Amino acid sequence: MEMESTKLLIVDDLPENLRALNALIRGEGRAVFQAASGEEALALLLEHDFALAILDVQMPDMDGFELAELMRGTDKTRHIPIVFVSAAGKELNYAFKGYETGAVDFLYKPLDADAVRSKVNVFVDLYCQRREIRRRVEQQEATMRELHAAQDELRRALHMRDDFMSMVAHELRTPLNTLYLESQMRKMQLERGTLPALDSAQTRRMVERDERQIRSMIRLIDDMLDVSRIRSGTMSIRPCDTELLPLLERVVADLETQAANAGSVISLNASHNVSGCWDEFRIEQVIINLLTNALRYGGGQPVAVTLSSTPSQAMIEVADHGPGIAPEQQVRIFEPFERVGGKEAPAGLGLGLYISRQLAEAHGGKLAVSSRVGEGAVFSLILPRQAAQSA
């Protein structure tokens, strides 16, 4: 890193004195600023941070002592060491007044070149040491801030891990318990020889319940695998010619039973079919996630799916009439393991919206939400119709 030049200020109303003093104190790594009056010096002092100021005592309008008093009265310049220079005789006792105004040294003309260089070198070294100490302190403070941020992130990650493990255990326990009870009941019937007593309708219902529980566990495992693929950059997108209206009709039909169990209905509004080049499986996954959330949070109210398009893009909207989403939560819900309502939220891992947004962006599209508290929520999946063909 390039080192910053050490800045020195010399103030004298006579140009020849400025040139002579400049020749004495200049050197590598130093920048010497010159001022011919107290007013010029003040302008430079407010603009730069100086390691040392060498002031001539006898100047018109504002002498060196007045300039020093002004410097000592300002926070920005109070710390700058001041060395006075004077051609007046020692009998005037200017040195005493100079030290009273806060000077660190007082020099009489004609100047001793070696003495001047030696004194300036001392103050430059002190300034560089202070600057290095300040830099190290700032670096340590920045390191501490980064460390605290890392500790906070670690605590958050550990808390998220614990919550995640708890949610996974809960989500897997429910379908596993159902399957276990079903298997125990069949085992008992086999042992008693009463299994043939079950009619075909009862058997079909048992098989359907088993299938729903198995699908639930498979979907849970698929979500966790998708998060892993997204984070490792191995999520695959396989675009092909896709028609959205038949896809939506199929998904809505598949979720009719789930909607009925939630006391809701799903309507599909589309004036025409929309075709494009997308990964049909992944688009279906996004729509299922959106509809499942709408049924989960919709409070039993109807859910509407709308399909529309322009020549350049397709849009699918899923609208519910639930409690809505607060503005501060509308960004968080697209993060992994985030759920509206916190601990009071319905069951789920909080992965659906995160995966859905990643899938939308992988298609060159986007997934957005529009919501007001108490007025439900509308999730909009926007997909480019042309750009996706080169995926």
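Let's start with a pair of helices: α9 passes α10 in a left-handed crossing (the near helix is turned anticlockwise from the far one by less than a right angle; clockwise would be right-handed). The model is predicted, so local features need pLDDT of at least 70 and side-chain atom pairs pLDDT 80 or more, while totals for chains, interfaces and linings use all residues. Residues are numbered from 1 along each chain as its sequence is written, and side-chain values use heavy atoms, without hydrogens or water.

Back to the helices. The axes of α9 (residues 280-297) and α10 come within 9 Å and cross at roughly 145°; axes here are lines fitted to C-alpha atoms, for helices over the stretch in contact, with angles from 0 to 180 degrees between N-to-C directions. On the α9 side, Arg282, Gln285, Val286, Asn289, Leu290 and Asn293 meet Gly352, Leu353, Ile355, Ser356 and Leu359 of α10 (contact means heavy atoms within 4.5 Å). Helix α10 (residues 352-362) also lies across β11 and β12 (377-384), running at about 130° to β11.

That brings us to the sheet. It's open, has five strands in the order β7-β9-β10-β12-β11, and its pairing is mixed (strands pair if DSSP finds at least two bridges between them). The edges belong to β7 (266-270) and β11 (366-371): each has a single partner strand, so one side of each is left without a neighbour in the sheet. From one strand to the next, the twist averages 15°.

Now walk across the sheet. Strands β9 (residues 303-309) and β10 (residues 313-320) run antiparallel and are joined by six bridges, with Ala304 opposite Ala319 in β10. Next, β10 and β12 pair over eight bridges, again in the antiparallel sense, and here Ala314 faces Leu383 in β12. Finally, β11 and β12 run antiparallel with six bridges between them; Ala368 stands opposite Ser380 in β12. The hairpin these two strands form has five residues between the strands, and Gly374 takes a positive phi near 85° there.

How enclosed is β12? Seven of its eight residues are buried, so β12 is largely enclosed by the rest of the structure. Buried means under 20% relative accessible area, exposed over 50%, and partly exposed in between (1.4 Å probe, protein chains only).

Two backbone details elsewhere deserve a look. In the loop between β3 (52-56) and α3 (64-72) sits Asp61, which has a positive phi of about 65° although it isn't a glycine. At 74% relative accessibility, Asp61 counts as exposed. Further along, a cis peptide bond joins Lys109 and Pro110, with omega about 0°; Pro110 is found in the loop between β5 (105-108) and α5 (113-192).

Zooming out, the protein comes to 10 helices and 12 strands, and 39% of its 391 residues count as buried. Taking the contacts with a separation of 6 or more, 67% are between residues 24 or more positions apart.

Conventions:
Helices (H or I, at least four residues) and strands (E, at least two) are DSSP runs, numbered from the N terminus.
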